[in-house]
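Please keep the sequence and the model open while going through it.

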Amino acid sequence: DSSCSLPPYSLAPATQDRLRDQVRALANALKVVGLMNTQFAIQTEDDGSDTIFLLEVNPRASRTVPFVSKAIGVPLAKVAAKVMAGKTLAELGVVETVPGHVSVKESVFPFVKFEEVDTILGPEMRSTGEVMGLGPTFAEAYLKAQDAAGVKLPTGGVAFLSVRDSDKGAAVELAGALIALGFEIIATHGTARSLVAAGIAARGVNKVLEGRPHCVDAMDNREIDFVVNTTEGAQAILDSQSLRRGALRNGIAYFTTIRGARAALAAIALL
């Protein structure tokens, strides 16, 4: 379905080339032989160009090494050990490998084991493990990764949307795609008004602060099957914590970014 089409999830070729050049320059300047873990942040500007920020460089292996090794079919740790012992990449026959499939890494979180811990993510490390999904397309690889992480994507039912003002337009797109997939839409009153104004059938439901029956009651009553919740600002994040905990407590698939929700819809379309 065209409504489930995704934006590209890969970096532009020109940006990839710039990253290769920067990593190569760093490795040469630091005289690294073997593995080197480099972390970048990339900001896409309004004109479509990418600004690259270097976060850190560590002359060691990382959790990314086994993931990339499986993705490209090259035992990088073994290769690195041989290089450190004096072999060259040419002698080992190692060349850059670009696989024909897509690989998705998904983090596994321990939130369900800790009461009252908010599930919203920030810059700190919270994951306790990682899983991997491989497939010929992003949607299939993402679906496998979600399944491996224990996230059960629904094939229908009721989808609940509660999004910040800047995501109201994107929520219209998501709601349309959800309806095309067979979902009914309910939303907090502000989001519901935006959806209805755009011609999307949506039923309003109270936030927790607005009194009962509210959205968390609906989750506890098994009346919601899919949740999209985006928020910003310290108070808004605090106010919506019970919503995210309700989804987690009831095993409901929930997504806190528009991009994550779009990826989920592409995966659900395959079910």
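1. A term for later use comes at the start: a crossing of two helices is called left-handed if the near helix is turned anticlockwise from the far one by less than a right angle, and right-handed if it is turned clockwise. Helices here are DSSP runs of H or I with at least four residues, strands are runs of E with at least two, and both are numbered from the N terminus.

2. The model is a predicted one, in which local features need pLDDT of at least 70 and side-chain atom pairs count only at pLDDT 80 or more, while totals for chains, interfaces and linings use all residues. Residues are numbered from 1 along each chain as its sequence is written, and side-chain values use heavy atoms, with hydrogens and water left out.

3. As an overall description, the protein has 11 helices and 9 strands. Of its 271 residues, 37% are buried, where buried means under 20% relative accessible area, exposed means over 50%, and partly exposed lies in between (1.4 Å probe, protein chains only). Among the contacts (heavy atoms within 4.5 Å) with a separation of 6 or more, 62% are made by residues 24 or more positions apart.

4. Helix α6, residues 168–180, packs with α7, residues 189–197, at an angle of about 70°, and the two axes are 9 Å apart. Axes are lines fitted to C-alpha atoms, for helices over the stretch in contact, and angles run from 0 to 180 degrees between N-to-C directions. The two helices α6 and α7 are therefore roughly perpendicular, given that angles under 35 degrees count as roughly parallel, over 145 as roughly antiparallel, 65 to 115 as roughly perpendicular and the rest as oblique. Their crossing is right-handed. On the α6 side the contact is made by Lys168, Ala171, Val172 and Ala175, which meet Gly190, Thr191, Ser194 and Leu195 of α7. Sorted by class, the contact of α6 with α7 has 4 nonpolar, 3 polar and 1 charged residues, with Ala, Val, Leu, Ile, Met, Phe, Trp, Tyr, Cys and Pro counted as nonpolar, Asp, Glu, Lys and Arg as charged, and the others, Gly among them, as polar.

5. Helix α6 also packs with α11, at an angle of about 15° and with the axes 11 Å apart, and α6 and α11 are therefore roughly parallel. The crossing of α6 and α11 is left-handed. In this contact Ala170, Glu173, Leu174, Ala177 and Leu178 of α6 meet Ile258, Ala261, Arg262 and Leu265 of α11. The residues of the contact of α6 with α11 are 7 nonpolar and 2 charged, with no polar ones.

6. Helix α11 (258–268) is also one of the elements against which the buried residues of α5 pack, together with β3 (102–108), β4 (129–135) and β9 (253–255). Within α5, residues 138–148, the buried residues are Phe138, Ala139, Ala141, Tyr142, Leu143, Ala145 and Gln146. Gly150 follows α5 and has a positive phi, near 85°.

7. The structure holds 14 salt bridges, each being a side-chain nitrogen of Lys or Arg within 4 Å of a carboxyl oxygen of Asp or Glu. One of them joins Arg20 and Asp17, at 2.8 Å from N to O, and these residues, 3 apart in helix α1 (residues 13–30), are separated by about one helical turn. Both ends are partly exposed, Arg20 at 29% and Asp17 at 41% relative accessibility. Asp17, Arg20 and Glu96 are linked in a network of salt bridges.

8. Which residue forms a salt bridge with Asp167? Arg164 does, with the closest N and O atoms 2.8 Å apart; Asp167 is buried at 10% relative accessible area, whereas Arg164 is partly exposed at 30%.

9. Some backbone details also deserve a look. A cis peptide bond, with omega about -5°, joins Arg212 and Pro213, and Pro213 is placed in the loop between β7 (203–205) and α8. Lys31, which is not a glycine, has a positive phi of about 55°; Lys31 lies in the loop between α1 and β1 (37–44) and is exposed, at 69% relative accessibility.
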